[in-house]
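Dear colleague,

I am handing over the model below for you to look through, and my notes follow it. Please read them with the structure open beside you.

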Amino acid sequence: MKLIKFKTLLKMFTFFVLLSGCSNLPNPLIDQVKKHEIDAALQTWEEIARSNEKHLAGDGWLELSTIASPATDAKKFYTNLEAWYLIEDGNVINGLTSIKDTETNEELQRFIINSEGIRADLIELRYSGLDATEYAHPARVDFNIKDISLTRQDLNLVTDRKSSIHKIEIEETVDEFSVPIIIIRVEFDLTKDTGRANANSQFSNYTREIQIYSYDKNTGTCIEREEYYLTKGGHQTGSSKIRFTLHKYKELTKQMTEELKNAFEELEFYIQLFSDPKQ
């Protein structure tokens, strides 16, 4: 009788051990559900991006500006941007983008695009001339609506990090003016994002990166980006935010027209400088 009880207990113990061991193994069904949810969310995001591109595609001038409010313990360098783009048939015909330091307001980059599709960074060229970094050299680019859609940029960046997405949630709400808003919250698992961890050791103490994107549901336009981190000890860092504004114009202001004229003339000087075989 005792032997029978012992064998029964042994079987129960073995079953318990096997059950415990199995519980620690990856559950392929859960992984499949998670992947399905991520794919569905990214597809919804794709529809929002297309809506934004359609909104931007009308001929005329677009003015895009940003105001960044970095947290005191921000882990990234933030800049402010002001850009003007002339859109025609879905392409950028002319453009001027100014990028400035959020603290000093120093202009760090000034990209100009002429009607021939040649783009250059005037700030880098002013300082370094023929020794300027290659990205700043006058070069022909294919610049269209997808390149200036912030919503498309957001989607591309998140898609590139798809393998490290821990959770993604989408909700609809309204702002204080009753405008319908779409909010997308993405949580990245930094322990799986080895590329980012290897590139910057300051992220070694962080387990999660949370990014929150807000879009105007009617136009797909990006309204705000928010970002913060979770540490290994469960601490949440400060929240950094970037606010975006977008306006459409049929014609430029006199001041902006003059600024573009001067930028085009400066670009032409560098085009000649880099094309002159005697230099």
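Tyr270 counts as buried, at 7% relative accessibility, where buried means under 20% relative accessible area, exposed means over 50%, and partly exposed covers what lies in between (1.4 Å probe, protein chains only). Please bear in mind that this is a predicted model, in which local features need pLDDT of at least 70 and side-chain atom pairs count only at pLDDT 80 or more, while totals for chains, interfaces and linings use all residues. Residues are numbered from 1 along each chain as its sequence is written, and side-chain values use heavy atoms, with hydrogens and water left out.

Aromatic pairs

Rings of Phe, Tyr and Trp (for Trp, the six-membered ring) are paired here if their centres lie within 6.5 Å, and the pair is called stacked when the planes are under 30 degrees apart, edge-to-face when over 60, and tilted otherwise; by this rule there are 8 aromatic pairs. In one of them the ring centres of Trp45 and Tyr215 are 6.2 Å apart and the planes stand at 65 degrees, so the pair is edge-to-face. This pair links distant parts of the chain, since Trp45 belongs to helix α2 and Tyr215 to strand β9, 170 residues apart; helices (H or I, at least four residues) and strands (E, at least two) are DSSP runs numbered from the N terminus. Both Trp45 and Tyr215 are buried. Phe269 and Tyr270 also form an edge-to-face pair, with 5.1 Å from centre to centre and 75 degrees between the planes.

An open sheet of 11 strands, with antiparallel pairing, has the order β6-β5-β4-β3-β2-β1-β11-β10-β9-β8-β7; two strands are taken to pair if DSSP finds at least two bridges between them. The edge strands, each pairing on one side only, are β6 (139-140) and β7 (165-174). Strand β1 (residues 60-69) pairs with β11 (residues 240-249) in the antiparallel sense over 9 bridges, and Ser65 stands opposite Thr245 in β11. Helix α5 (residues 150-160) packs on the sheet, where it touches β1, β7, β8 (180-189), β9 (206-216), β10 (222-231) and β11, and its direction makes about 25 degrees with that of β10. A contact here means heavy atoms within 4.5 Å, and axes are lines fitted to C-alpha atoms, for helices over the stretch in contact, with angles running from 0 to 180 degrees between N-to-C directions.

Helix α7 (residues 254-275) lies across β1, β2 (79-88), β3 (91-101), β4 (107-113) and β5 (118-121), and runs at about 85 degrees to β4. Strands β1 and β2 are antiparallel and share 6 bridges, whereas 10 bridges join β2 to β3, also in the antiparallel sense. In the hairpin of β2 and β3, which has 2 residues between the strands, Asp89 takes a positive phi near 55 degrees.

Nonpolar cores

A nonpolar core is a set of buried Ala, Val, Leu, Ile, Met, Phe, Trp, Tyr and Cys residues joined through side-chain atoms within 4.5 Å. The largest one has 23 residues, and those with the most contacts inside it are Trp45, Val158, Ile168, Ile184 and Val186. Two or more residues come from each of α2 (28-56), β1, α5, β7, β8, β9 and β11, with α2 giving the most, 6 residues.

Salt bridges

Counting a side-chain nitrogen of Lys or Arg within 4 Å of a carboxyl oxygen of Asp or Glu as a salt bridge, the structure holds 18 of them. Arg152 and Glu46 meet in one at 2.8 Å, N to O, and this pair links helix α5, which holds Arg152, to helix α2, which holds Glu46, 106 residues apart. Arg152 is buried at 7% relative accessibility, as is Glu46 at 16%. Glu46 and Arg152 belong to a network of salt bridges with Arg50 and Glu53.

Glu172 and Lys217 form another salt bridge, their closest N and O atoms being 2.8 Å apart. Because Glu172 lies in strand β7 and Lys217 in the loop between β9 and β10, the pair ties together parts that are 45 residues apart in sequence. Here Glu172 is exposed at 54% relative accessibility, while Lys217 is partly exposed at 39%.

With best wishes
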